[in-house]
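User: I am new to reading protein models. Can you take me through strands and helices step by step?

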Amino acid sequence: MTAALTVEDLNGWYDDAHVVQGVSFELAEGKVTALLGRNGAGKSTILKAVMGLLRRRSGKVALGSRRIDRLPPHRVALSGLGYIPETRGIFPSLTVAENLTVAARPAADGARESWTLARVFDLFPRLAERRQVGGGQLSGGEQQMLAIARALLGNGRLLLIDEPTEGLAPAVVADIETVLQDLKRSGITVLLVEQNYPVALRLADNVLVLGKGRLRWAGDEPAFRSAEDVRQTWLGV
Ligand SMILES: Nc1ncnc2c1ncn2[C@@H]1O[C@H](COP(=O)(O)OP(=O)(O)OP(=O)(O)O)[C@@H](O)[C@H]1O
Ligand SMILES: [Mg+2]
């Protein structure tokens, strides 16, 4: 079976700093893959490189069998990659409903059941209640929910999510995890960067470990749990 996403020999730079170094991996269709690594390992930069957001990068990126590494970021997004950056990327001056409406895209032909405003409000009742509130007025957890909802309405085949629980209170972290579990059950393919390892491992089918810009380990979640040396060397846990 073709992987949902294939990344081959990906390199990324900020000016002269070679931050992502020869990284290769595949995302299995319908699975959650956690990308783990210490602060500064290059996790966010990998997501930016996949989205075409780095000024300088090299390597091959394919969505299914389609090369996307020469496309500009908006075309990468339209080709089916939903990206939720660490900064969440919502419009503070638009209402919740407006934030959602401007993000909506029809699903590609033959796609699974597509995401609509109604379906998103089912998944996030809190956003339905707050639909007329400005994006900038939302709590951190609500903003994260809005960011996820916006990405879903893009009706892509794949979601790249950068640290969805960062900076949130424990009760809100639990809410976000519940939503991500629902999404996992819906069969969407996810690449999840998450520093909260218990949350990441409850969600993940597969794990990638990044250290100092290079891929250090890849395997399934049970194998990761028994790879104590990998965890100690590259994650310090
Ligand atoms: N915009 C930038 N300009 C220059 N250097 C950057 C920029 N963003 C990140 N870096 C550097 O690139 C390296 C990788 O950063 P990156 O943000 O990808 O790490 P990360 O694994 O996502 O870390 P964190 O867990 O802190 O989010 C770090 O050394 C960081 O300081
Ligand atoms: Mg990061």
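Analyst: We go from the sheet to a hairpin and then to a pair of helices.
This is a predicted model, where local features need pLDDT of at least 70, side-chain atom pairs count only at pLDDT 80 or more, and totals for chains, interfaces and linings use all residues. Residues are numbered from 1 along each chain as its sequence is written, and chains are lettered from A and ligands numbered from 1 in the order in which they are written.

User: In what order do the six strands of the open sheet lie?

Analyst: Strands of a sheet pair through backbone hydrogen bonds, either parallel or antiparallel. Here the order is E6-E7-E8-E3-E9-E10, with mixed pairing. Strands are DSSP runs of E, at least two residues, and helices are runs of H or I, at least four, numbered from the N terminus. Two strands pair if DSSP finds at least two bridges between them.

User: Which are the edge strands?

Analyst: E6 (81-84) and E10 (214-220); each pairs on one side only. From one strand to the next, the twist averages 15 degrees.

User: How many bridges join E6 to E7?

Analyst: Four, and the two strands run parallel. E7 covers residues 158-162. Tyr 83 stands opposite Leu 160 in E7. Helix H6 (residues 140-153) lies across E6 and E7, at about 170 degrees to E6. Such angles run from 0 to 180 degrees between N-to-C directions, and axes are lines fitted to C-alpha atoms, for helices over the stretch in contact.

User: Where is the hairpin's positive phi?

Analyst: At Asp 15, with phi near 50 degrees. The hairpin is made of E1 and E2, with two residues between the strands. E1 (residues 5-14) and E2 (residues 17-27) pair in the antiparallel sense over seven bridges. Tyr 14 has Ala 17 in E2 as its bridge partner. E1 also runs antiparallel to E4 (residues 56-63), again joined by seven bridges. There, Gly 12 partners Arg 57 in E4.

User: At what angle do H3 and H6 pack?

Analyst: Two packed helices are described by the angle between their axes and the distance between the axes. H3 (residues 96-103) and H6 pack at about 30 degrees, with axes 8 Å apart. H3 and H6 are therefore roughly parallel to each other (angles under 35 degrees count as roughly parallel).

User: Which residues meet there?

Analyst: Val 96, Asn 99, Leu 100 and Ala 103 in H3 meet Leu 146, Ala 149, Arg 150 and Leu 153 in H6. Contact requires C-beta atoms, placed from the backbone, to lie within 7 Å.

Methods: Two residues are in contact if their C-beta atoms, placed from the backbone, lie within 7 Å. Angles under 35 degrees count as roughly parallel, over 145 as roughly antiparallel, 65 to 115 as roughly perpendicular and the rest as oblique.
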